[in-house]
Amino acid sequence: MIESIADFFAPAIALWLEVWAWFPADMQTLLLILGKIVLILAPLMICVAYITYAERKIIGYMQIRIGPNRVGFRGWLQPIADAMKLMFKEVIIPTKSDKYLFLIAPVLSIMPALAAWAVIPFDRGMALTDVNAGLLYVLALTSIGVYGVIIAGWASNSKYAILSSLRVGAQIVAYEIAMGFALVGVLMASGSLNMSDIVEGQSGGFWSWYIWPLLPMFFVYFISGVAETNRAPFDVAEGESEIVAGFHVEYSGMAFAVFFLAEYANIILISALTAMLFLGGWLSPFEGVLDADHWLAATSFFWFFGKACIFAFCFLWFRATFPRYRYDQIMRLGWKVFIPVTIVWLFVEAVMVVAEVGPWAV
Amino acid sequence: MTITDFLFFAFAGVTVAAALGVVASRNPVHSALFLVLTFFSCSAIWLMLEAEFLAITLVLVYVGAVMVLFLFVVMMLDINVAKMREGFVSYLPVGILFALLMLGLMVYVVGPVGPDVMGTAALDNAVKHAADYSNTEALGEILYTDYVLAFEIAAIILLVAIIAAISLTLRRRPATKYQTPGKQIKVKRDDRLKIIESDAEVLK
């Protein structure tokens with residue numbers, strides 16, 4: 001049976017290999033990279049679609065409701081239906097808006113959210129590119145995500161939108177500094193900017209993960225991540241009770257959907273990064289406890305996925321639990337609490353390096 | 001033309017076009033965004049020069065922070081485009097003169113003619129680094145050994161600038177009302193609420 005199937009496909013495979021050999025070497029590399037990009041982005045888009053479903057279901061259950069349950073079995077097709085609806089709606093461009101910037105803004109917002117995945121290793125040796133300055137690259141790309149929001153606010157030529165984009169601008173610049181300092185802490189612990197090296201530096205079991213020596217940094221990083229993605233309780237950018245929907249109030253149809261995709265892609269990105277930088281990414285928590293050849297102690301993509309899911313769940317949990325922060329309190333938290341905490345912990349880390357404790361033990 | 005050449009010319013073309021856009025566009029917000037594009041394509045060229053740390057830092061610092069604040073200020077201005085366009089032609093000759101001067105200087109300093117102060121002649125037969133070459137490490141090794149004094153002095157100057165900027169903008173305004181979160185948190189029920197005894201009254 002298997003042989004006959006192999007015989008059936010053999011000519012097709014041979015033909016394909018012949019066609020493949022035709023391409024010049026540069027072209028082959030380019031096509032391979034494009035293929036890998038598709039392999040990363042297609043599951044990511046499915047994750048984005050289903051995190052919106054998960055959000056509505058989880059918040060629903062937290063508020064003792066059922067959530068979407070009409071489209072498909074238990075509402076499983078709800079995100080597909082939403083996507084179809086948004087695709088067929090008209091994209092309305094306000095008369096007095098800056099048309100080009102108005103349409104570029106959603107693109108600018110989703111581009112960094114997707115491009116950052118280029119350096120994320122999903123398993124040992126499983127990354128699109130494993131560059132030396134991976135951590136810096138991620139930090140740089142997440143920092144330019146703010147342009148989409150600012151430009152959207154300005155180009156809409158609407159009061160609510162511009163108020164929102166001013167809020168976002170100030171908020172993201174403030175939290176980026178704390179986030180950067182928290183990453184400096186990780187950098188000191190791993191001694192490398194390379195993502196794979198950072199994860200490998202945490203090998204040795206549950207207690208070798210960077211979350212333990214860098215506990216304050218972990219909290220600062222994750223909370224700053226929530227603030228960077230403009231999620232509740234830091235969602236003053238789209239505070240419904242004050243400025244309707246904020247920067248995307250004038251957007252409709254697919255242009256709005258792209259903003260939506262970018263927000264959720266960013267949530268998944270921050271969750272994945274937190275899992276990787278502080279919880280040892282693809283490493284198993286049972287490393288060192290179980291035998292080395294036990295299947296639970298093996299490194300796996302599923303550990304990484306599971307850890308990222310925990311943080312993604314926290315994003316939804318926060319939204320169901322906390323009331324929105326007042327704007328001056330957000331600013332105070334960013335500048336007067338998080339930045340001093342990270343700087344103090346950098347000093348503590350320096351002392352730990354000298355005393356050779358934790359990850360710096362020789 | 002190899003793919004590297006193609007990429008270089010593509011990014012260089014975008015850089016020049018965007019730089020022209022900065023001075024030529026009518027709207028200051030568009031100018032600021034063109035400047036962002038210029039930075040971005042410059043950083044791509046740096047990346048091709050194997051200077052990945054500098055390239056990413058350019059994006060991180062200038063695109064991610066400085067230009068955001070720039071845009072922030074420009075966005076809030078009430079811009080009279082017609083007025084801003086006045087004098088564009090009369091300033092043009094001076095602008096072109098300075099542009100040519102800059103070009104001449106650059107060619108003189110780094111170009112094929114001139115005293116070769118930057119040592120560019122040696123770069124003609126430069127070899128590519130191996131794939132495991134880390135620009136970050138190379139920079140760090142030089143900055144923290146050979147040039148540590150200059151580096152520390154630059155850091156102190158920056159610190160002084162930060163403190164100066166804060167002290168310039170910090171002014172006491174007794175008239176403004178603000179909340180102290182510490183006091184807000186410390187409030188107990190007894191500070192705000194008083195329960196008093198009173199006899200029941202019959203309303204007539």
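Student: Among the contacts in chain A with a separation of 6 or more, what share comes from residues 24 or more positions apart?

Tutor: In this predicted model, residues 24 or more positions apart account for 76% of the contacts in chain A that have a separation of 6 or more.

Student: And what's the figure for chain B?

Tutor: For chain B, residues 24 or more positions apart make up 54% of the contacts with a separation of 6 or more.

Student: OK, how many helices and strands does chain A have?

Tutor: Chain A comes to 13 helices and zero strands, and its pattern, read along the sequence, is α-α-α-α-α-α-α-α-α-α-α-α-α. Its radius of gyration is 23 Å, close to the 21 Å that the globule rule gives for 362 residues, so chain A is as compact as a globular protein of that length. The C-alpha atoms of chain A fill a box of roughly 65 × 65 × 45 Å along the principal axes, and 42% of the 362 residues count as buried.

Student: What about chain B, how many helices and strands are there?

Tutor: Chain B has nine helices and zero strands. Its radius of gyration is 29 Å, whereas a compact globule of 204 residues would have one near 17 Å. Along the principal axes, the C-alpha atoms of chain B fill a box of roughly 105 × 50 × 35 Å, and buried residues make up 13% of the 204 residues.

Student: Is A:Val146 buried or exposed?

Tutor: A:Val146 is buried, because 26 other C-beta atoms lie within 10 Å of its own, and a residue counts as buried when there are 20 or more.

Student: Switching topic, which residues touch the most other members of the largest nonpolar core?

Tutor: That core has 118 residues, and the ones that touch the most other members are A:Leu136, A:Ala140, A:Ile150, A:Leu261, A:Ala265, A:Ile268 and B:Ile56. Helix H11 of chain A, residues 253–278, gives the most to this core, with 19 residues. As background, nonpolar side chains tend to be buried together in soluble globular proteins.

Student: What is A:Ala265 in contact with?

Tutor: Leaving aside its neighbours within four places in sequence, A:Ala265 is in contact with A:Leu44, A:Val48, A:Ile110, A:Ala113 and A:Leu114.

Student: And H11(A) itself, how many of its residues are buried?

Tutor: H11(A) is mostly covered, with 23 of its 26 residues buried. From its first C-alpha to its last, H11(A) reaches 38 Å, close to the 38 Å expected at 1.5 Å a residue. Just after H11(A), A:Gly280 takes a positive phi of about 75°.

Student: Where is A:Arg74 found, and what is its phi?

Tutor: A:Arg74 is found in the loop between helix H2 (25–62) and helix H3 (78–88) of chain A, and its phi is near 55°, which is a positive value in a residue other than glycine. With 14 C-beta neighbours inside 10 Å, A:Arg74 counts as partly exposed.

Student: Where does A:Asn157 lie?

Tutor: A:Asn157 lies in the loop between H6 and H7 of chain A. Phi of A:Asn157 is positive too, near 55°, and A:Asn157 is partly exposed, with 15 other C-beta atoms within 10 Å.

Conventions: Residues are numbered from 1 along each chain as its sequence is written. Chains are lettered from A and ligands numbered from 1 in the order in which they are written. This is a predicted model: local features need pLDDT of at least 70, side-chain atom pairs count only at pLDDT 80 or more; totals for chains, interfaces and linings use all residues. A nonpolar core is a set of buried Ala, Val, Leu, Ile, Met, Phe, Trp, Tyr and Cys residues joined through C-beta atoms within 7 Å. A residue is buried if 20 or more other C-beta atoms lie within 10 Å of its own, exposed if 12 or fewer, and partly exposed in between; C-beta atoms are placed from the backbone. Helices (H or I, at least four residues) and strands (E, at least two) are DSSP runs, numbered from the N terminus. Two residues are in contact if their C-beta atoms, placed from the backbone, lie within 7 Å. The expected span of a helix is 1.5 Å times one less than its number of residues. The radius of gyration is taken over C-alpha atoms; the globule rule is 2.2 Å times the number of residues to the power 0.38.
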